[in-house]
Amino acid sequence: MNLYLDPKNIGELDENDKNVGTSVVGAPACGDVIKLQIKVDENGKISDAKFKTFGCGAAIASSALMTDWTLGKTLEEVKTIKNKDIADHLSLPPVKLHCSVLAEEALEKAVENYLSKNKE
Amino acid sequence: MSTKNIIYMDYQATTPCDKRVLESMLPYFCDDFGNPHSNHVMGSRAHEAVEKARDQIAKLIKANNAREIIFTSGATESNNLAICGVARFYGEKRKKIITDPIEHKCVLEACRAMEREGFEIVMLPVSEKGLIDLNALEKAVDEQTVLVSVMTANNEIGVVQPIDEISGICRRKNVPFHTDAAQAVGKTEVDASKVDLMSISAHKIYGPKGIGALYVGLNPRIKLTPLFFGGGQERGMRSGTLAPALCAGFGKACEIAASEMESERARLTMLKDRFLKKIFAGLDRVYLNGDEKQGIPGCINLSFFGVEGEGIMLGIPDICISSGSACTSESLEPSYVLKAIGARDEVIHSSLRIGLGRFTTAEEVDRAASKIITAVKRLRAMSPVWKEEDCEIFGKSNESLSGSEKYRRTG
């Protein structure tokens, strides 16, 4: 609830920055859209993470928590953040589990996007 | 939060009991507690209370005879009794029930139950403003039709159906016509003599929860198979001991509604205008769902581009309103009513129903509008679908959804 009322990490990073991975998951038609961005520094750690979310309080809180947890972690380390951890931490009811699943998917896609930009 | 700060704006869901209604009920709990079906002095006192209530209800809905009022536990039972009762009674020869997709769940589910008993259910198309297609009705009604069921006013968008025209078609073709008038009664004129069956509920008109009625016409006389069996009360259609206190409260609620309907309608229309003007002045890309001219007073259904309905509700915890989005209820199903009138999913997910009523004040309207504006702005700032270039995924196709040009501002 606090994460919904006062969510951290709202905002956007420069999509064209080589060090930024961006994802947009969900669809307005389904009631939830999460745009998640991560910025990776020269040590391979996530130095910044931002999100924008269309959805209910649970979707907003899940996105906020997800971005917060990625900070300072490597791309390998963030793979261990699972939707269940988010759901448990926020005590999401069963009908809201999809919000945490979407947040996990958003992170995965953002990492993929960063990697595809940086494979040479 | 203290009750004092709560703004109740969900009058389509239920209404508070009017103090005058409660007053009228009190004698029948501890003092005149008799069984209205008993043949002694206590019984006859309770009986008098019940019959007085029957008269008050009959008067409000313009029934010719108070005997046409059958007490039930509420509109859900009334709708079930009307649909299942008529279908089962006349179902030997007639196998078709005609209704529409924006009916209340209890009508749709009762029809589905009849489908399982071998009836064919015909769904009439509805316009984008929620009005049923009269030509389609004319074509659908035939000698196979056992019942037409079309609500008077919709519970989500407030639209009022052309009951006179529907009645004309049904009368001409000799088919019973049922209307769920739970949302309409007391707010707009209803006329039971135009229909064969009419469902009404007490708690939507400042009466107690737990009681409703089904009007069952005597001329032409409609018969039906009861839902359950017992002592044969209520002309054999609804067995069980009546609750005199609830009946008295229901009757009083009808009496008050009849005398205050006109002034209340004017007041609610003024408050609704005031609310909408504030919202449209403070926010752009807000859309009015339903038909503004053809609605019950006090029912407002709005979609706020770029934000989700339940998200808004969480931001205004002291305002009681209702959301048409997927997340409100356990069902996770977005509003089937808005879907049926052709609203896009993102419009449905962004919708809120705001219901004003007897105890809504201008001060509350102002406070609620400004809180909603703040909550929407905050959520739009964090919404990934709130950029002008994204507007077409929401905006353009739903221009036609709005029933009102005068309020709309474009972004």
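Two residues are in contact if their C-beta atoms, placed from the backbone, lie within 7 Å. The legends below describe close-up views of a predicted model.

**View 1. Contact of helices H4 and H5 in chain B.** From H4(B), the residues Thr76(B), Asn79(B), Asn80(B), Ile83(B), Cys84(B) and Ala87(B) take part. Their partners in H5(B) are Cys106(B), Val107(B), Ala110(B), Cys111(B), Ala113(B) and Met114(B). Sorted by class, this contact holds 9 nonpolar and 3 polar residues, with no charged ones.

**View 2. Packing geometry of H4(B) and H5(B).** Two packed helices are described by the angle between their axes and the distance between the axes. Here H4 spans residues 75–90 of chain B and H5 spans residues 105–116 of chain B. The angle is about 25 degrees, and the axes lie 9 Å apart. Because angles under 35 degrees count as roughly parallel, H4(B) is roughly parallel to H5(B). The crossing of H4(B) past H5(B) is right-handed.

**View 3. The pair of strands E2 and E3 in chain A.** E2(A) and E3(A) run antiparallel and are joined by 8 bridges. Within this pair, Val33(A) stands opposite Phe54(A), a residue of E3(A). The hairpin has 5 residues between its two strands. In this hairpin Gly44(A) has a positive phi, near 80 degrees.

**View 4. The contact between chain A and chain B.** Chain A contributes 17 residues and chain B contributes 21 residues. On the chain A side, strand E2 (32–40), strand E3 (46–54) and helix H2 (57–70) each supply at least two residues. E3(A) gives the most to this side, with 3 residues. By class, the side of chain A that touches chain B has 11 nonpolar, 4 polar and 2 charged residues.

**View 5. The two domains of chain B.** Domain 1 of chain B consists of 3–11 + 261–401, and domain 2 covers 19–257. Taken over C-alpha atoms, the centres of these domains of chain B are 30 Å apart.

**View 6. The contact between domain 1 and domain 2 of chain B.** In this contact, 22 residues of domain 1 of chain B meet 21 residues of domain 2 of chain B. On the domain 1 side, strand E10 (299–304) and helix H10 (336–340) of chain B are the elements that give two or more residues. H10(B) has the largest share of this side, 4 residues. The residues on the domain 1 side divide into 10 nonpolar, 9 polar and 3 charged.

How values were computed:
Residues are numbered from 1 along each chain as its sequence is written. Chains are lettered from A and ligands numbered from 1 in the order in which they are written. This is a predicted model: local features need pLDDT of at least 70, side-chain atom pairs count only at pLDDT 80 or more; totals for chains, interfaces and linings use all residues. Axes are lines fitted to C-alpha atoms, for helices over the stretch in contact, and angles run from 0 to 180 degrees between N-to-C directions. Angles under 35 degrees count as roughly parallel, over 145 as roughly antiparallel, 65 to 115 as roughly perpendicular and the rest as oblique. A crossing is left-handed if the near helix is turned anticlockwise from the far one by less than a right angle, and right-handed if clockwise. Ala, Val, Leu, Ile, Met, Phe, Trp, Tyr, Cys and Pro count as nonpolar, Asp, Glu, Lys and Arg as charged, and the others, Gly among them, as polar. Domain bounds come from an automatic or database domain assignment. Two strands pair if DSSP finds at least two bridges between them.
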